[in-house]
Structure formats: structure tokens, C-alpha cells
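Subject: Structure handover

Hi there,

Here is the structure I promised to pass on.

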Amino acid sequence: MADQGRIVILTGAGISAESGLGTFRDAGGVWAQHAVEDVATPEGFAHNPARVHAFYNDRRAQAAAAVPNAAHEALTRLEARHPGEVTIVTQNVDALHERAGSRNVIHMHGELARALCAACGHRWPAPAAMAPDDACPACGAAATRPDVVWFGEVPYGLERIDAALAAADLFVAIGTSGQVYPAAAYAQHAARLGAGTLELNLEPSANSRGFDVARHGPATRIVPAWVEEVLGS
Ligand code: BJW
């Protein structure tokens, strides 16, 4: 494995699975219960905002009730003790990395805990339950939505992510199926820029063979084991 100085970690739904939050594409996952075009596209929201708010209100309540697991906690130890910079790029909209104590976290697909006004762009902490007729606290428009990134929208933090990937010595993907872009291209991109690549996932992802090293198993087992290796080396 390459020098492990600057580490960029991409996380997906699999890291929160053992905290009780469902993944998207596993059997029985979120997309087995809801049509993706109904709840995770701007068109679905325009067609039926009440349905989309109900979906995210439920997910917000589930995320608030969940607690960080041993994998989130291991990444917090890594950030605190590793001499090089550790950047977490998460596709997850839960706050389990922050609640475990991680500080350098980029939420590329937004956050359940935030609300966004589609009329003026104002952002604020989301209430437990959002509804289509909620007024924006800045401009008063009834155009509020969850501050999450749906298909066809541009993910957040792309410049910071590009800079972190360009400087990375090691890129690690944890608990993500590798099916959603641009995140799915980050391992290949980081490798082209000179980083070593490591996959930590329950099973081989769509991109597994593109990583230098892949380890498979539950995140609560394989992530703490890898962190202890890095901190011990
Ligand atoms: C465990 C485990 C355990 C389980 N331990 N592991 C054709 C080709 C290429 C691209 C496109 C295309 N057509 C359209 C696109 C673009 C599109 C896209 O990628 N579509 C694909 C479906 C093909 N992407 C977009 O539209 C994005 N925007 C974009 O591209 O803008 C253009 C642009 C980009 C860059 C610059 C300028 C312009 C936006 C994507 C938004 C995704 N949004 C969602 C919803 C967010 C809000 C919410 O949470 O509701 O994000 S969809 C959903 O998928 C969510 C996730 O973050 C994302 C990724 O899912 P993830 O995390 O990988 O979960 P799963 O379930 O797929 O996988 C879980 C994994 O964990 C599995 O591998 C399990 O094995 C594993 N696991 N238990 C360890 N215990």
C-alpha cells in the first residue's frame, strides 16, 4: 500500500447499516420500498412534495434515533491520531460521522438535518417534520425542501473534494456500492493522480477490481481493524 500520509475516505450507506439505517440497493433497502424517481428526483418532488417530505421526515426520525457504530468511531480515532490529514467525503445524509466526533466531513449528498429554500437558496436547521406549505424563514416562500442532492442535481463540495483527491496518498471507499456518480469515479480518479486505493465493503462493489486492495466484511469489524493497522504502523 502506498504512503498513507493524506487519507481521503469516501463513505456510503453501508457504514451506517449496523447503526440500523437501511442501505439503498441491498435486498430490502430503501429503493425496494420506494421508487427512486418518486422520492429522489426534482421531478418527483415537483409532482408530489407531500410524499417526498413524508419520506424524508421518516428518514430524519430514523437517523436521529440511530447511534454511531464502531466503524464511525474508528474513523474519528483515525482523524484524531493520524499525523496526516484525514478527509471524510460522505454520501450519507445522516450525521453519524459528526456525532461520533469526526470534524473534517464533506456531505456531498447533503444532510437530513438541513432545510433549503428552492426560491432564495437560504439554508437552516430542518425541523423534525417538514411540509409543503412551510415558509422559508428568509424570504417567506413556500418552497422549502430537504437539503439533499437528488439525481440530476450537482453534488456539494466538489471543489474541496477534487482538491482532497489531488493531494491524497490513500483513497479508501467504505460501504458504498459504486453505482452513483460522481462518487463512483473517485477511486479511479485518485489512482490516476497517484493515490493508493482500498475498498472496505461487505461484499465486492461494482468497482471492486479497480482498487489496489479490497477487504470484505461488516464495517464494524473491518474498519476498526484497518484503522488500528494504520495507527500502529
Ligand atoms: C456494507 C454493510 C456493512 C451493506 N458493512 N458494507 C449514466 C452514467 C453515469 C452517470 C449517470 C448516468 N445517468 C445519470 C448519471 C448521473 C447520476 C448517476 O450516477 N446515476 C446512476 C444511477 C447511473 N448521478 C447524479 O445525478 C448525481 N449528480 C450528478 O452527476 O451531477 C452532475 C455533475 C457531477 C459532477 C460535476 C458536475 C455535474 C447526483 C447523485 C445524487 C444521489 N442521491 C442519493 C439520494 C440522496 C439523498 C438521500 O439519502 O435520500 O444519494 S441516491 C442514493 O445513492 C444516495 C446515496 O448517497 C447514493 C449512493 O448509495 P450508496 O451509499 O453507495 O448505498 P448503496 O445501497 O448503493 O450501497 C451500500 C453498500 O454498502 C453495498 O455495496 C453493500 O454491500 C454495503 N454494505 N451493509 C459494510 N454492514
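Below are my notes on a central strand, the nonpolar cores and a cavity.

First, the ground rules. This is a predicted model, in which local features need pLDDT of at least 70 and side-chain atom pairs count only at pLDDT 80 or more, while totals for chains, interfaces and linings use all residues. Residues are numbered from 1 along each chain as its sequence is written, and side-chain values use heavy atoms, with hydrogens and water left out.

Strand β1

Strand β1 covers residues 7-11, and five of its five residues are buried. Buried here means under 20% relative accessible area, with a 1.4 Å probe and protein chains only. Helices (H or I, at least four residues) and strands (E, at least two) are DSSP runs, numbered from the N terminus. Ile-7, Ile-9 and Thr-11 point one way from β1, with Val-8 and Leu-10 pointing the other way.

β1 runs parallel to strand β2 (residues 86-90), joined by five bridges, and Ile-9 has Ile-88 as its bridge partner there. Five bridges also join β1 to strand β7 (residues 170-174), again in parallel; in β7, Thr-11 is partnered by Ile-174. Strands count as paired if DSSP finds at least two bridges between them.

Nonpolar cores

A nonpolar core is a set of buried Ala, Val, Leu, Ile, Met, Phe, Trp, Tyr and Cys residues joined through side-chain atoms within 4.5 Å. The largest has 21 residues, of which Ile-9, Leu-75, Val-172, Val-223 and Trp-226 touch the most other members. Helix α10 (219-232) is among the elements that supply at least two residues, and α10 gives the most, with six. Not counting residues up to four places away in sequence, Trp-226 touches residues including Ile-7, Ile-9, Leu-75 and Arg-215, where contact means heavy atoms within 4.5 Å. Another core, of 17 residues, lies apart from this one and includes Leu-10 and Phe-171.

The cavity

The structure holds one cavity of 30 Å³ or more, and the largest cavity has a volume of about 80 Å³. Among the 15 residues lining it, Leu-10, Thr-176, Gly-178, Ala-183 and Asn-207 are the closest to its centre. On a 1 Å grid over the protein atoms alone, a cavity is a set of points where a 1.4 Å probe fits but cannot get out, and lining residues have an atom within 4 Å of a point. Volume is the space filled by probe spheres set on the points.

Best wishes

Key. Buried < 20%, exposed > 50% of the residue type's maximum accessible area, 1.4 Å probe, protein only. 1 Å grid on protein atoms, 1.4 Å probe; cavity = no way out; pocket = protein on both sides within 12 Å on 5 of 7 lines; lining within 4 Å.
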